Amino acid sequence: MSDLSTTPPEGYDSEGYPIPTATQPDSEAMRAEMLKIYPQKTRRKREKQLLTNNPETPPEIGANTRTIPGIITQRGCTYAGCRGVVIGPIHDILHITHGPVGCSYYSWLTRRNLARPKPDQPINFLQYCMTTDMQEEDIVFGGEKKLAAAIREAYAMFKPKAIAVYSTCPVGLIGDDVHAVCRQAKAELGINIFGFSCEGYKGVSQSAGHHIANNGVFKHMVGLNDEPDKEKFRINVLGEYNIGGDAWEIDTVLKKCGIHVTATLSGDISYEQITKCHTADLNVVLCHRSINYMAEMMETKFGVPWIKANFTGAEQTSKSLRKIGKYFDDKQLIDRIEEVIAQEMAALKPVQEEMRKRLQGKTAAMFVGGSRAHHYQHLFKDVGMLTVAAGYEFAHRDDYEGRKVLPTIKIDADSRNIEEIEVEADPKRFVPRKTPEQLEALKAGGFNFKDYDGMMVEMKKSTLVIDDISHHEMEKLIELYKPDIICSGIKDKFVIEKLGVPCKQLHSYDYGGPYTAYTGAANFYKELDRMINTKVWKLITPSWKKPADPTIAMGKGIDSPTNKTIREVVAGMAKAWKPQKSAPASSAEG
Amino acid sequence: MLNGTTAELVERKALRINPAKTCQPIGAMYAALGIHGCMPHSHGSQGCCSYHRSHLTRHFKEPVMATTSSFTEGSSVFGGMANLTQAFKNIFTIYNPEIVAVHTTCLSEVIGDDIPTIIKKSIEDGSIPAGKIAIHANTPSFVGSHVTGFSNMVMAMVNYLSEKTGTTLNQVNVIPGFVEPADMREIKRIAAAMSANIVMFPDTSNVLDGPLTGQYKMYPEGGATVAQIKSAGDSIATVALGHFASHVAAATLESKCNVPAAFLELPIGVGATDRFISTLANYAGVEVGPAIELERGRLVDLMSDLHQYFHGKRVAVAGDPDQVIAITQFLVELEMKPVYCITGSPGNQFEKRMHEILDGPVPEAKIKQTADLFELHQWMKNEPVDLLIGNTYGKHIARTENVPFVRFGFPILDRTGHRFFPTVGYMGAVNLINQMINVLLDKKDRECDEEWFELVQ
Ligand code: SF4
Ligand code: SF4
């Protein structure tokens, strides 16, 4: 963050961000245009999810509601949110999907939650796709026996520390009791085995799966090992999945500052780390949507407080580090953090400045996930770009409007069927991390716990906020706004690019990254520059469909001005050629 | 990498590890994209549709459009009728396709939704507007594999669309199988080179290999038109390529419209392509002609040039049954030794045919249907091979065992060639040879002692 005591330099705002120079069209008109095509019932629903923003009083958004059948949506299912997102990255436990083959097949190494094998656990189970591959007879007669046998076979071959079992849609319907099978297997094999009822039809998106996963991880893993790490200033980083090495980047910066990460949930995490994560001093929540449940439960049961932070964007990284420093209230730590920030920013500034020159005035739109569509806006802000439209794929109202709306969120039928587990303070292990006086002092100093203000307050007035964007709206958005770049996922990427707009995938990062902290920010700015300023899109129109280009011969061949010198050279060569006298009829050389 | 895999073979009855197949709907979705103006629709929870679209997109690097019934818990209790009807209404209003091809998922199969009835009702109540079409295929994933799903959707095209009017048209149907757009394009090129008039369905060329133009077309130029599929009932004959992906549709057409079918294998390698070409020439009443003979001659020339590098090399092959059957024959033509040949899909015909192919030249070969990559890897640990052929999921095995690897089949998520270069026909065989020789010689060049590092090969 820039020094607030001085007035910001020209072209920069009070927070130190370069002021975007791009303008945006009239969003109300755009909104009407996008909604026009829908049948009435569909339009009425989409109207609530497609809003023009007002940062002062964010309007209520119809988030976390069902996707309308027939609408081309980005969303996936509960299973994907549970197995794929939250638990999938734990690399040293074995994951078995109970169901027909497909669900497990598609979740096999398709998310980029990178993991490094550890010396004590050289097998990276993420490379294995395990499933009961249910057949017709299993559907008809029930799959419990097959699941029990599969667990036994898996244990015999791999001897894992723990096994997690995931249910897919048909399993819930035929009524297999996955939890009973797991309990029995646990008793029989003596390792930790637990199941998740994460059938895809539960809930309205991946989000339900996050909740189910949080519950399961909390119930079956967290708190099994009370031995804290020896380091000082222990935190957990929650809601960071190490896509493209993001968690490693955050880890590196924290380490430099002297902050120790007990566990990152759940990027590159081991079973051992999860079992003792309740011994940390603070939970730092990055992706609020996928993991706020865990943060809440750990606080209630073990007394670990949580704060919201963000390591995407340089300014945000500095802000987050300072917040952690403030929490620990340790002079040495705070000084060290300032040193690190100064060092990192000194290295980053020139890059940022150069990229700002190349990117300021450009616009972006992003539709992805449950936190990235917010977090990534900061990277664009860093270089003076304007986000004209943004929205999440599966977030809730609080992620848009801020946690202050939590009490007013109506629980509908789809949310009600997701278990809310009752958590109480652990009689022995609940340890308040701060005394009431310390808490008071922190609050007095403007320090907020559990503070997530959501995306809308940080977006400009009259930008578009679109929840669960449909294909139609995406196409319209491109037509009406012509953003310079769109961040989205694999299913949209090539649609967007066919229209000549570069698309950065924010699930897989297009196999780039990391993009967190300072080095990550530099990577991202450069990536933006590459994508936005590439000339590859200019090749779309062939030269013969463009106005005559004097640098190209344009079919005039050797007579074109550029070929003039060639003409002279060849003419000279032709003149110089003399026929050989009495050339032999056949080669005499051999 | 993969260091949980040991050489010790243990019989597994319940656990599938690293499957060599996936589920039916993705095949049905792919097939439906080969109809011009078609929106594939996944009747079930939205997760399946999302997974299938994502995976197809990763393979083709092209837009893959499909809609979903977005089931919630309520629909799984009360059935998906309301969802599907509403979906039809939305799809035709917003995305305006000519035809919607519905496939089921595990969920709607277990619920037992009666799709034909829902289609009928939706036509009656106008959710499917007049002049628009909906077809469907049942694609439960607890039966068969993605190949079955493909086959079921092609059969649905015949069932719903093909008609016999009584006037035989001068055209031959080609059902190309679960192959790449590049392969379908190649089949059309071969037919055109012979002046054979064909109708091919499905046809994903110019759908999933579109150009960059600055425009986005939800329904690109390509795809077999409904009119063409309809006219297939009046064709002289059908040439169906691949037992698992195409034969059922051809047999259906034979019994429905009395169009005689030739049940062939995928035209990969010399013999299978010869059979395809002469069958097509016979039915179409044309000469094969010098252009195609020239291509064939060049292929055989290349095979003789490179014979020394291929002869006796041990190969492991994993893939879809039609692909494995076809490429194994080509490997035998090259006098290689396909010692391990697996498919994840179930089907006795696979093992039967593979034994016919291999019992003579490679009696030691291990052949297995309903197998998985984990087991194949274990075999390789017991007795190594010189070359691995399979889809992208083989890359971990290839790296672990340091085996040259040729990507072949579906899906290929990490390379590009499959999108442009066919593997069918004589030129397809040239492409395969090119890929194999490159990985074999690259390994030698990388690893041989310096004194054996040769400039010329
Ligand atoms: S539920 Fe069935 S159809 Fe859906 S992804 Fe899983 S296996 Fe495929
Ligand atoms: S079957 Fe259910 S769990 Fe599996 S992918 Fe489809 S929606 Fe998700």
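Contact here means heavy atoms within 4.5 Å. With that rule I started on the two chains: 73 residues of chain B are in contact with 77 residues of chain A.

Notes on the model before going on. It is a predicted one, where local features need pLDDT of at least 70, side-chain atom pairs count only at pLDDT 80 or more, and totals for chains, interfaces and linings use all residues. Residues are numbered from 1 along each chain as its sequence is written, chains are lettered from A and ligands numbered from 1 in the order in which they are written, and side-chain values use heavy atoms, with hydrogens and water left out.

**Interface**

I looked up the area next. The size of an interface is often given as the accessible area lost when the parts come together. Chains A and B bury about 6500 Å² between them, taken as the accessible area (1.4 Å probe) that two parts lose on being put together, summed over both. Carbon and sulfur atoms carry 64% of that area.

Then salt bridges, meaning a side-chain nitrogen of Lys or Arg within 4 Å of a carboxyl oxygen of Asp or Glu. B:Lys21 pairs with A:Asp133, with 2.9 Å between the closest N and O atoms. I also checked A:Arg31, which forms a salt bridge with A:Glu28 at 3.8 Å between the closest N and O atoms. These two are about one helical turn apart, because they sit three residues from each other in helix α1 (residues 27-35) of chain A. Helices (H or I, at least four residues) and strands (E, at least two) are DSSP runs, numbered from the N terminus.

**Ligand 1**

I found ligand 1 between chains A and B. The residues around it, each with a heavy atom within 4 Å, include A:Cys103, A:Tyr106, B:Cys23, B:Cys48, B:His52 and B:Cys106. Which helix gives the most to this shell? It is α4(A), with three residues; α4 (101-106) of chain A and α2 of chain B each supply at least two.

By class I have seven nonpolar, four polar and no charged residues around ligand 1. Ala, Val, Leu, Ile, Met, Phe, Trp, Tyr, Cys and Pro count as nonpolar, Asp, Glu, Lys and Arg as charged, and the others, Gly among them, as polar.

Ligand 1 sits in the second largest cavity. A cavity is a set of points on a 1 Å grid over the protein atoms alone where a 1.4 Å probe fits but cannot get out, and a molecule sits in one if more than half of its atoms lie within 2 Å of its grid points.

**Ligand 2**

Ligand 2 also lies between chains A and B, and the space it takes is the second largest cavity.

A:Leu265 and A:Ser266 are joined by a cis bond, omega about -5°, and A:Ser266 lies in strand β7 (residues 260-266) of chain A. From B:Phe201 to B:Pro202 the bond is cis as well, omega near -10°. I place B:Pro202 in the loop between β7 (198-200) and α9 (226-231) of chain B.

Last entry: A:Asp468 has a positive phi, near 50°, in a residue other than glycine. A:Asp468 belongs to the loop between β12 (464-466) and α19 (471-481) of chain A.

Terms used:
1 Å grid on protein atoms, 1.4 Å probe; cavity = no way out; pocket = protein on both sides within 12 Å on 5 of 7 lines; lining within 4 Å.
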